[in-house]
Each structure stands twice: as structure tokens, then as C-alpha cells.
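Trainee: I have a protein model on my screen and I would like to learn how to read it. Could you walk me through a few features?

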Amino acid sequence: MTTSVDLKQRCQTIELLLADVDGVMTDGGIILDSQGVETKRFHIRDGMGIRLWHKAGYRFGLITGRSSHMVKMRAAELGIDILRQGIDDKSEALRQILRELGLAARSVCYLGDDLPDLPVVRSVGLGVAVADACDELRAAAHWTTSARGGQGAVRETIELILRHQQRWDDVIQAYTSK
């Protein structure tokens with residue numbers, strides 16, 4: 001179990017946030033219309049959180065086992081330039097991203113919801129499970145959100161990190177000073 005002191009220390013080193021898509025950025029539902037076109041529902045506050053994360057000078061990325069044009073569109077809309085789709089081995093994708101960016105695993109936060117996320121959650125500085133993640137992931141995570149996947153869990157995690165880094169007030173100042 002992670003203590004509040006340990007959680008604060010883990011948050012201090014985070015500069016890259018990576019997340020799964022289905023079950024984290026969405027509620028995990030996959031909707032296909034009669035032509036087989038996929039639709040996903042993203043929470044607007046997660047998008048705002050990602051914009052605030054970027055405003056703080058940090059990078060955000062997605063690592064997902066599925067491939068979807070909708071995810072590519074949402075990533076582009078939010079300025080997410082780290083996008084790995086159709087990934088079977090998320091640990092290998094993490095290692096590649098770390099090499100490309102010259103970062104250590106301790107500077108990464110990863111949000112997941114299911115078994116394919118387990119090795120990554122265990123290997124990063126701050127492993128996060130969404131509230132409705134599988135039991136094994138919640139047990140391995142350093143922290144579990146109160147929000148379910150697709151219901152603001154990404155925003156909640158971003159706020160947690162930026163508040164522990166004492167950067168939240170600066171990042172939201174443009175909204176609160178008017």
C-alpha cells in the first residue's frame with residue numbers, strides 16, 4: 001500500500017503521462033454501427049486535463065492494444081504526439097518511448113484498467129489504476145482513482161500529480177484570475 005508521503009514523492013518525478021485508451025480514456029464500451037464504423041465516447045474533462053498537462057510543459061501519450069481512427073482523431077485534437085496503437089506488448093512500447101525521449105521509467109505515470117497494463121503499471125514511477133480496473137491491476141497500482149474509466153480518471157490523475165508538484169494553481173491561473 002502506498003502512503004501519502006510515498007505518493008507525493010512518486011508524483012514529484014513525473015514528467016510523462018501515458019495511458020491506455022479503452023477503459024481509461026473511454027468507459028471501455030465499443031460501439032459499432034451497421035456499417036462497422038466504430039464510435040468511442042471520451043470525457044471532456046479528461047481532454048481539459050490533458051490540455052492543462054501540456055500547459056504545464058509535460059507530454060502525454062497513449063498506448064493501446066486496439067487500433068482506431070477515432071483514437072487518432074482524438075489524439076490529434078488534444079495535441080497528443082505519442083500514440084502507439086495495435087500494441088501487443090505495452091512494456092516494449094514503454095521501453096521504446098523511454099529511449100526516444102531519453103527518460104527514466106521513474107519519470108512516467110501510466111494509467112491502466114486491465115491485465116495488459118499490469119507490467120507497465122509495475123515498472124513506472126507512478127502506476128495508476130482507474131476505479132473500475134480489474135482486481136490484479138488495482139492491487140499492483142501505486143494509486144487508484146475514484147473515477148471510473150471514461151469518467152474523468154485521467155483528469156483526476158493529472159490534478160493529483162500537479163497538486164503534489166505544487167503546479168496546479170499556476171496552470172489554472174488563466175481560468176481563476178478572471
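Trainee: Let me start with a helix: which elements do the buried residues of α2 pack against?

Mentor: Keep in mind that this is a predicted model. The buried residues of α2 pack against β1, β4, α3 (69-77), α7, α8 and α9 (173-176).

Trainee: And which residues of α2 are the buried ones?

Mentor: Here buried means under 20% relative accessible area. In α2 that applies to D46, G47, G49, I50, L52 and W53.

Trainee: Is Q166 buried or exposed?

Mentor: Q166 is exposed, and its relative accessible area is 65%.

Trainee: Now the strands. Which strands does β1 pair with, and in what sense?

Mentor: To read a strand, look for its partners. Strand β1 (residues 16-19) pairs with β4 (residues 59-63) in the parallel sense over four bridges. β1 also pairs with β6 (residues 108-112), again parallel and over four bridges. Follow L18 as an example: its bridge partner in β4 is G61, and in β6 L18 stands opposite Y110.

Trainee: Are the faces of β1 covered or open?

Mentor: Both faces are covered. L16 and L18 point to one side, L17 and A19 to the other, and all four are buried.

Trainee: Let me step back to the whole protein. How many helices and strands are there?

Mentor: There are nine helices and eight strands. Of the 178 residues, 49% count as buried.

Trainee: What does the radius of gyration tell me?

Mentor: You compare it with the value for a compact globule. For 178 residues that would be near 16 Å, and this protein has 15 Å, so the two agree. The C-alpha trace spans about 50 × 40 × 30 Å along its principal axes.

Trainee: And what share of the contacts links residues 24 or more positions apart?

Mentor: Among contacts with a separation of 6 or more, such residues account for 56%.

Key: Residues numbered from 1 in each chain as written. Predicted model: local features only at pLDDT ≥ 70, side-chain atom pairs only at ≥ 80, totals over all residues. Heavy atoms only, no water. Buried < 20%, exposed > 50% of the residue type's maximum accessible area, 1.4 Å probe, protein only. Helix = DSSP H or I, 4+ residues; strand = E, 2+ residues; numbered from the N terminus. Pairing = 2+ DSSP bridges. Contact = heavy atoms within 4.5 Å. Rg over C-alpha atoms; globule rule 2.2 N^0.38 Å.
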